[in-house]
Every structure is written in structure tokens, then in C-alpha cells.
Amino acid sequence: MTRTHATGSLRGRLVGCLAVALTCACGAPPGSETEATRIEAVYPSGDRLPANQLKLYVEFSAPMTTRAPYDYLRLVDESSGERQQAVFHALRDGLWDPEGRRLTVIFDPGRIKRGLANHEALGQPLEAGRAYRLELSSEWPDARGRPIGSSHIKRFTAVAADRRQPTAREWSVIAPDPTTRTPVLVEFGEPLDAAVLAWALSVFGPDGERVPVATRVGEREESCELWPERPWRSGRYRLEV
């Protein structure tokens, strides 16, 4: 394999050594009637989040009730033990994917965006240098009205705000050998949005046709593997972003 750096005009796309169509292969099938619903993942998965973090994702093994999700989660300052108030944009029924298995938790944008009243009065939801824990209650009911199997805690430390736009030109693309089904590896050099990775990348083959691939997001969402359904052919591929 060879390591290359993606180059070219972005204008909504990146032309690199490989073009990758992204089909998310994340998540497990819904649980059985007797199996308790569980929390499968919380993203970002890393333990250091920028103070201006906008979103978190909570993924479940089966569909959940969409009613009042913010009743079952809270953010606690680890230093003081105090629950943080008015940190989330608490939509009544939350923001769910169509299957009801992924909740998008949004920090109050009014506190994140500089120059707005909430930002000036209350500051950012997260303070750089402080440790937090996100608590997810075991009483959270799934779509069948049954509480999930266990509670979940995600601990993290807030770091300096990240205001630098991701730059695809700086990504590294490691191309696989032809005639194999080994993945294309795309290294971002920083954590990216786990849910967006499910649709933001596309691969096109030497004939210009889209190549079906499955996606595996890497540790801390700093990389992504793209697995083809069929062996790669020799030729020039295109990765579009």
C-alpha cells in the first residue's frame, strides 16, 4: 500500500487516490422481545471535548420512546458535583433518527455562538479545563415502555474551543492493493462527526460508477475504513467529500 495526501479543489468534493461511496454499517439490529434495550455508544467517543462542542449522539440497540428524552440525562461538573443547568437545547421530544435508535443531544447554540445574549450572560456550556460526566438513566423507557437494561456514564474533560474548520486537503488516504477487499483508510488528523461520516464520503471507480462500501469509524472518530463489497480493480478511483 502507499500513503498519499488528498489534493485538489474542494468545492464540495475531494479528489484523491481513491473515491469512496459511504454506506453506514453502524449499529446492531433491534433487540429481541426478551432482550433489554441497551446504550451501545455515546459519541464523540473521546474523553476530551472542545468547550464549544455542539452535539452528542446516544445510540441504542433498539427503538426508544421519543418522549421527553432530556428527563433521562444530565450533565454534572465532576469538580463540584453540581448538575449543570440550561446547557442543552432541550427539544420536547428530542431529535431522533427515523428508527428512534439514535438521539442527537444539542448543547444550547445560544451559549456557544459568540455575541449572543446567552453566551454573554452564561458563557459556554462547557468550561475548558473542567471535568464532566454525562449521566444516562436506567429508567429511560424504550419504545415498548420498558426501562433500558442499565445506566450509562460518559466522563470527559473540556479543552479549548475548536474554531478551525476541517480541511480535507490535509487528510491522508491509504489505498488498498488491487484484487483485494481490504479497506481504504482515511485519516482525518482530528475527530469528526460520527453521524455525518455515514453519508459525507463517496467512492467512484475507474468507470465513473459509484462503488458500494461499508464504513467503520475509527478510534475517537479520527479515521474511517471503507470496505468494498467486491475486490478493488486496478485503476484510478475518486474520493468525494
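1. The hairpin of β14 and β15. In this predicted model, the hairpin formed by β14 and β15 has 5 residues between its strands, and Arg220 takes a positive phi near 60° there. The two strands, β14 (residues 213-217) and β15 (residues 223-228), pair in the antiparallel sense over 5 bridges. Within this pairing, Arg216 stands opposite Glu225 in β15.

2. The chain as a whole. The protein chain contains 2 helices and 16 strands. Of its 241 residues, 42% count as buried. The chain exposes about 12800 Å², and carbon and sulfur atoms supply 48% of that area. Among contacts between residues at least 6 apart in sequence, 71% join residues at least 24 apart.

3. The largest nonpolar core. In soluble globular proteins, nonpolar side chains tend to be buried together. Here the largest nonpolar core has 25 residues, of which Leu73, Leu75, Phe88, Val105, Leu136 and Trp140 touch the most other members. At least two residues of this core come from each of the strands β3 (39-43), β5 (55-60), β6 (73-77), β8 (102-106), β9 (131-136) and β10 (152-159). With neighbours within four places in sequence left aside, Leu73 is in contact with Arg83, Phe88, Leu103, Val105, Glu135, Leu136 and Trp140. A second, separate core has 17 residues, including Val173, Val186, Leu201 and Val213.

4. Two aromatic pairs. A pair of aromatic rings is described by the distance of the centres and the angle of the planes. The structure holds 8 aromatic pairs. In one of them, Phe88 and Phe107 are tilted, at 5.3 Å centre to centre and with 35° between the planes. This pair links distant parts of the chain, 19 residues apart: Phe88 is in the loop between β6 and β7, and Phe107 is in the loop between β8 and α1 (109-112). Both Phe88 and Phe107 are buried. A further pair joins Tyr132 and Phe156, whose ring centres are 5.7 Å apart; their planes meet at 25°, so this pair is stacked. Because Tyr132 lies in strand β9 and Phe156 in strand β10, the pair ties together parts that are 24 residues apart in sequence. Tyr132 counts as buried at 2% relative accessibility, and Phe156 counts as buried at 3%.

5. Trp96 and its surroundings. Ring pairs link Trp96 into a cluster with Phe60, Tyr72 and Trp140. Trp96 lies in strand β7 (residues 95-96). Its relative accessibility is 15%, and the cut-off for a buried residue is under 20%, so Trp96 counts as buried. Beyond its neighbours within four places in sequence, Trp96 is in contact with Phe60, Met64, Thr65, Thr66, Pro69, Arg101, Arg102, Leu103 and Trp140. The side chain of Trp96 also reaches the backbone oxygen of Asp93 at 3.0 Å. Trp96 and Glu59 are 37 residues apart in sequence, with 9.9 Å between their C-alpha atoms.

6. Glu240. Is this residue buried or exposed? Glu240 has a relative accessible area of 13%, and therefore Glu240 is buried. The residue belongs to strand β16 (residues 238-240). The side chain of Glu240 makes a polar contact of 2.8 Å with the side chain of Arg238.

Key:
Residues are numbered from 1 along each chain as its sequence is written. This is a predicted model: local features need pLDDT of at least 70, side-chain atom pairs count only at pLDDT 80 or more; totals for chains, interfaces and linings use all residues. Side-chain values use heavy atoms; hydrogens and water are left out. Helices (H or I, at least four residues) and strands (E, at least two) are DSSP runs, numbered from the N terminus. Buried means under 20% relative accessible area, exposed over 50%, partly exposed in between (1.4 Å probe, protein chains only). A polar contact is a pair of N or O atoms within 3.5 Å; within protein, one must be able to donate a hydrogen and the other to accept it, and residues adjacent in sequence count only if both atoms are side-chain atoms. Contact means heavy atoms within 4.5 Å. Accessible areas come from the Shrake-Rupley method with a 1.4 Å probe; for residues, only the protein chains shown count as cover. A nonpolar core is a set of buried Ala, Val, Leu, Ile, Met, Phe, Trp, Tyr and Cys residues joined through side-chain atoms within 4.5 Å. Two strands pair if DSSP finds at least two bridges between them. Rings of Phe, Tyr and Trp (its six-membered ring) pair if their centres lie within 6.5 Å; planes under 30 degrees apart count as stacked, over 60 as edge-to-face and the rest as tilted.
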